[in-house]
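Trainee: I would like to learn how to read a model of this kind. Where should I begin?

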Amino acid sequence: MASSKSSTDEFIKGLWKENPVFVQVLGMCPVLAVSNTAMNALAMGLATAFVLVMSNIVVSSLRTFIPKQVRIATYILIIATFVTVVDYVIQAVSLELYKALGAFISLIVVNCLILGRAEAFASKNTVARSTMDGLGMGIGFAFALFCLGAVREILGNGSLFGVALFHDSFQKWVVMILPSGGFFTLAAWLLLFNWLKQRKAKKEATATLALRKEVA
Amino acid sequence: MADDSLWTIFINASLVNNFVLAYFLGICPFLGVSSKLETASRMGGAVTFVMLVSSICAFGIQALLVAIDAPYLKLIAFIAVIASTVQLVEMFIKKVSPALFRSLGIFLPLITTNCAILGLALFQTNKGYSFVQCIVYALGAGAGFTLALVLMAGLREKLELAEVPDVTKGTAMALMIAGLLSVTFMGFGGLGG
C-alpha cells in the first residue's frame, strides 16, 4: 500500500489526514505545555519538526545496519543527539526563548511522535520518502501547535505574537494561559475535528444510499 | 531553591506543581491507562518506582558529568539510563507478577518515553537538589502522578455509564475532564510554595 504512493502523498498526509496532534493524538506533552503563546508554540513546533526530519533521515539511511534487537535504543540515541543540537542552538540564538521553553526542549527526546515515525515509517522506507514523511508530519505538528497557541494567546492575553488585538476594555480569559486552558483548547479542537469527520462520514453514507436507490 | 525543606519539596511536586496537571508531563499514559481504576493505580506504582530509581541514577550521572566536564552528554546519558531501568523493572515485574505484567501491556515499555521521568531527572538537576532532596522530589512526583491517574480513572469509570454526545466520546472527553481536574489542582497553589 505504502509503496504505491508518491512522496508528495507522504508529505501531504501529515498535514491533514494523519495530522499528528488532531488525528493521531501523539506528542501531547509539549503540545499542551508550551502552547500558551503563539510564538512559543511555533518555535517548539519548528524545533520538533527539525528533529523529526533529521532523525528520519538518519534512521532510514542506517536502517539496514541497525540490528532489530537494539533498534529502539539506537533510535533514542539518534534523536537525543539532534535534540542536544537544537537545545544549544536555541540557547545561542535567543536566550529569552530558551527560558520560555525551559526543559521542554530537552523533552523533545521523549516525544512519542518522533520515535513513532522512526519505528513505523523511517525504519521501513527510503531516505527520500522518510524525509518527506518527516517534513509533512513536522509541519503538521507545528501547524497544530500554532493553532493551539494562537487560540490560547488571543483569548488569554488579547494578543497575537505579542501584538495587542483588542481594546483595553477586553476582559482577558486568564484560565486559557493557565495549564487547564491547554486541556480545554485541545479538547475543543478535537471536538471540531470529530465533528468534521462525522459529517463527512454521514455525507458519504447518504451519497452511497442515493446511488443505490438510483441503481435500483 | 536548593535549600527548600523536604516537606515543601514533596507537597510542591505532588500537589502544587503536579507533573500531569500543571507541567503536562506523562500525558500519554495518563490518557491511555486511565480507563480502569486497578490498572491506573498499578501503573502509578510502576512509574513511581522507575522515577525513584532513575532519580538516584540521574543524581550520580550529573555528578560524574560535572567531574569530567561534559555537560552536553547529559540528555543522552539520562535517556540511556532510564531506558535500561525500565527494562530492568519490566523483567522484575514479569518474574514477580505475570498478571500485572499482562495488564500493563504495552505501557510498561512506554514508560521509557514517559516525559515525566526524563522531566524529573532534568528538573532536579536544574534546581540543584541534594541527594536526599532528589529522593523526596521523586517520591512526591510519583505520588502526584499516581493521584492524578487514579482520580482520572475513577471519573472515567463513572462516565462510562453516562450518556454523552457522540462527538465528545474518547480523547476529547478525557481532555475536558483533565482540564477540570487541573483547575481543581490550582486550588493547591500557595500551599508549600
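Mentor: Begin with the order of elements: from the N terminus, chain A runs α-α-α-α-α-α-α-β-β-α-α. That makes nine helices and two strands. Keep in mind that this is a predicted model.

Trainee: What box do the C-alpha atoms of chain A fill, and what share of its residues counts as buried?

Mentor: Along the principal axes, the box is roughly 60 × 55 × 25 Å. Of the 216 residues in chain A, 45% are buried. Look at the contacts as well: among those in chain A between residues at least 6 apart in sequence, 76% join residues at least 24 apart.

Trainee: How do I read a nonpolar core?

Mentor: In soluble globular proteins, nonpolar side chains tend to be buried together. Here the largest nonpolar core has 114 residues, and A:I79, A:V109 and B:L118 touch the most other members. Helix α3 of chain A, residues 38–61, gives this core its largest share, 12 residues.

Trainee: Which residues does A:I79 touch, leaving out those up to four places away in sequence?

Mentor: A:I79 touches A:V51, A:S55, A:V109, A:I114 and A:L115.

Trainee: And how do I read an interface?

Mentor: The size of an interface is often given as the accessible area lost when the parts come together.

Definitions and conventions: Residues are numbered from 1 along each chain as its sequence is written. Chains are lettered from A and ligands numbered from 1 in the order in which they are written. This is a predicted model: local features need pLDDT of at least 70, side-chain atom pairs count only at pLDDT 80 or more; totals for chains, interfaces and linings use all residues. Helices (H or I, at least four residues) and strands (E, at least two) are DSSP runs, numbered from the N terminus. A residue is buried if 20 or more other C-beta atoms lie within 10 Å of its own, exposed if 12 or fewer, and partly exposed in between; C-beta atoms are placed from the backbone. Two residues are in contact if their C-beta atoms, placed from the backbone, lie within 7 Å. A nonpolar core is a set of buried Ala, Val, Leu, Ile, Met, Phe, Trp, Tyr and Cys residues joined through C-beta atoms within 7 Å.
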